[in-house]
Amino acid sequence: MTLPSAITVSRMLGSGGTRIALSVARQLSWHFCDGRILRQAARELNVPLASLREQEERSSGFLEYLLSMSAFASPEVPYAPPPELPVYSKDIFEVESDIMRRLVERESAVLVGRGGFIALRDRPATLHVRIEAGLDYRIRHLLATGKAADAGAALRAIKISDHNRTEFCRQAAGIEWTDRRPFHLVLNTEETSPEQCVQEIVAEARKRFSL
């Protein structure tokens with residue numbers, strides 16, 4: 001039986017990586033796995049989804065949610081930085097890793113974040129992608145997409161995200177998040193347009209998996 005193919009996408013907050021991953025999944029007609037993993041983990045851990053989302057602060061999804069809330073705040077209400085939450089939960093990561101492994105046993109998929117490149121690092125038929133960008137670009141992207149009220153809010157969220165992803169990689173796998181070696185393909189959206197990033201990932205997947 002042929003093993004389903006998989007792509008993991010690790011991305012910097014503000015790099016546009018999630019939309020790139022979604023476009024890749026659509027072009028390949030593969031399943032796109034982001035919130036789906038979180039919902040399944042909540043069911044298996046028997047905890048409310050909202051509670052798990054707060055514990056899973058390491059994912060940009062939660063930070064982006066807070067950013068979106070700040071974007072709609074009135075001028076009289078100051079931006080409140082994300083609360084201090086655990087960066088890494090072994091139980092959550094083990095459950096999510098198991099969910100990701102089970103998902104790609106059944107179907108080809110693009111998996112976003114949640115340490116997918118760590119959970120599936122020894123799996124064949126898997127392409128690991130990293131999406132990054134420079135700080136100024138990331139700030140502009142968050143502002144342009146309405147996810148931050150101002151540059152200061154965007155910068156604070158980016159710093160928190162970078163710190164927490166660094167700590168997560170160190171605790172989960174003893175590696176540095178800035179290390180490019182675990183990835184087959186590293187793309188910078190400041191240098192390569194998101195559309196071109198999509199095409200490069202799709203081309204690499206078709207070549208690697210003989211699609």
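Residues are called buried when their relative accessible area is under 20%, exposed when it is over 50%, and partly exposed in between, with a 1.4 Å probe and protein chains only. The model is a predicted one, in which local features need pLDDT of at least 70 and side-chain atom pairs count only at pLDDT 80 or more, while totals for chains, interfaces and linings use all residues. Residues are numbered from 1 along each chain as its sequence is written, and side-chain values use heavy atoms, with hydrogens and water left out.

The protein chain holds nine helices and five strands; helices (H or I, at least four residues) and strands (E, at least two) are DSSP runs, numbered from the N terminus. Read from the N terminus, the elements follow the pattern β-α-β-α-α-α-α-β-α-β-α-α-β-α. Of the 211 residues in the protein chain, 49% count as buried. Contact here means heavy atoms within 4.5 Å. Among contacts in the protein chain with a separation of 6 or more, 75% come from residues 24 or more positions apart.

Strand 2 and strand 3 run parallel and are joined by three bridges, and His 31 has Ala 109 of strand 3 as its bridge partner. Strand 3 also pairs with strand 1 in the parallel sense, over four bridges, with Thr 8 standing opposite Leu 111 of strand 3. Between strand 1 (residues 6–11) and strand 4, six bridges make up a parallel pairing. Here the bridge partner of Ala 6 in strand 4 is Thr 126.

In helix 7 (residues 135–144), the buried residues include Tyr 137, Arg 138, Ile 139, His 141 and Leu 142. Just after helix 7, Gly 146 takes a positive phi of about 75°.

Glu 200 belongs to helix 9 and counts as partly exposed because its relative accessibility is 31%. Leaving aside residues up to four places away in sequence, Glu 200 touches Leu 185, Leu 187 and Thr 192. Glu 200 and Leu 187 are 13 residues apart in sequence and, C-alpha to C-alpha, 8.9 Å apart in space.

Arg 123 is buried yet has no salt bridge, and the nearest side chain of opposite charge, that of Glu 105, is 7.2 Å away. A salt bridge requires a side-chain nitrogen of Lys or Arg within 4 Å of a carboxyl oxygen of Asp or Glu; Lys and Arg count as positive and Asp and Glu as negative, with His and the chain ends not counted. The side chain of Arg 123 does reach the backbone oxygen of Pro 4 at 2.6 Å and the backbone oxygen of Val 104 at 2.9 Å. With residues up to four places away in sequence not counted, Arg 123 touches Leu 3, Pro 4, Ser 5, Ala 6 and Val 104.

Two serines also have positive phi values. Ser 29, in the loop between helix 1 and strand 2, has a phi near 60° and counts as exposed at 64% relative accessibility. Ser 210, in the segment after helix 9, has a phi near 55° and counts as exposed at 65% relative accessibility.

Conventions: Polar contact = N/O pair within 3.5 Å; in protein donor to acceptor, adjacent residues only side chain to side chain. Pairing = 2+ DSSP bridges.
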